[in-house]
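Here are a few friendly notes to read alongside the model. Take them in order, with the structure open beside you.

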Amino acid sequence: MRLLVTGGCGFIGSAVVRLAVTRGHHVTNLDALTYAGRPENVADVAGNPLYRFVRADICDRAALDRIIEETVPDAIMHLAAESHVDRSIDGPGDFIDTNITGTYNLLEAARAHWQRTGRPKSFRFHHISTDEVYGSLGSTGLFTEDTPYDPRSPYSASKAASDHLVRAWHHTYGLPVVLTNCSNNYGPYHFPEKLIPKVILNAMHDQPIPVYGRGENVRDWLYVEDHADALLLAVAKGEPGRSYNVGGHNERRNIDLVHTICDLMDEMQPRAAGPYRDLVDFVTDRPGHDARYAIDPDRITRELGWQPSVTVEAGLRRTVRWYLDNRDWWQPLLSLDGVGSRVGTRA
Ligand SMILES: NC(=O)c1ccc[n+]([C@@H]2O[C@H](COP(=O)([O-])OP(=O)(O)OC[C@H]3O[C@@H](n4cnc5c(N)ncnc54)[C@H](O)[C@@H]3O)[C@@H](O)[C@H]2O)c1
């Protein structure tokens, strides 16, 4: 396939780009290179003739029209977004601009291209979204594709808005769209402001490991390369107008996840002063912190045949090893604004 991937220098987008090129797809990576966009994330494929990078902002409609005309994509995989909940609390404006207005621009550019090329049925606009649009669960139950939307943070509200726009472009204009809503990802190249890399890097630096509240919030974790695999399946085989939830049945309380990482660190790089669990520091909770997310991935499993390939324990082991071995990647990021300090407390 000829793919236009937006946000392909980010955490998940780069996993999609690397996997797609490895599988022989032509990939144009459109990315504005915000603080979260790192060209190093796609260094493995940068010299591959199947791969091309274009720096552009999805809020720039003229640039989108030009790039789509040059690329003539069979599918657009839309991952470009502002993605950090804590940053959305302190500064929601960028989330509204990129996640809502940017998605609107991309939909319009995609629709113009699709109509100009004779409305091919095989074209796909694949919107990559999150389980956070569904809000927060109690101690039981799972998010299905029919769970009503109930977003609680500026981030999840902006993603919910963009999901609604994508569905509206399908129902109103017939644009062949597919949506996927995924649970929390983890793995290599995860930006160090997010929980798992933060825990690993603070442990490596013998710094307190901040855990919001009592660490009782539950998240459903998916290894990023399994997500990339699900996305390439959904863009190729997903039914137009349909949503697919993606998750690996890997629910963990934050505190249990942090303890697992500490135990892996004890094994791989023992700490002279005692176990890494001693570094855990319970801090003031995030405002409006959702209690529990858990995905029912039955539809994508049954209809498209997707299965995750690694358990959370195996994926975490790979991830901790990757951070221990890739200092050159994360070291320069630690001095960036908002990485070494707490954000998201200004509610
Ligand atoms: N990280 C998760 O756990 C998770 C889970 C489910 C869904 N998602 C969704 O997956 C997508 C990718 O998430 P991620 O974690 O890789 O995000 P990320 O923050 O790591 O990467 C986002 C990328 O988008 C680019 N970008 C931002 N604004 C842009 C703009 N205006 N124009 C062009 N490019 C822009 C950035 O430069 C960066 O490369 C997002 O849409 C997110 O909502 C993420």
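1. The radius of gyration is taken over C-alpha atoms, and the globule rule is 2.2 Å times the number of residues to the power 0.38. For the 347 residues here, a compact globule would have a radius of gyration near 20 Å, and the chain agrees because its own value is 20 Å. The C-alpha trace spans about 65 × 45 × 40 Å along its principal axes.

2. Please keep in mind that this is a predicted model: local features need pLDDT of at least 70, side-chain atom pairs count only at pLDDT 80 or more, and totals for chains, interfaces and linings use all residues. Residues are numbered from 1 along each chain as its sequence is written.

3. The chain has 11 helices and 12 strands (DSSP runs, H or I of at least four residues for helices and E of at least two for strands, numbered from the N terminus).

4. Next, the open sheet. Its 7 strands follow the order β3-β2-β1-β4-β5-β6-β10, with parallel pairing (two strands pair if DSSP finds at least two bridges between them). At the edges, β3 (51–55) and β10 (242–246) each pair on one side only. Strands β5 (residues 124–130) and β6 (residues 177–182) run parallel, joined by 6 bridges, and Thr130 stands opposite Cys182 in β6.

5. Which residues does Met77 touch? Leaving out residues up to four places away in sequence, Met77 touches Leu3, Val5, Val16, His126, Ile128, Leu231 and Val235 (contact: C-beta atoms, placed from the backbone, within 7 Å).

Key:
Two residues are in contact if their C-beta atoms, placed from the backbone, lie within 7 Å.
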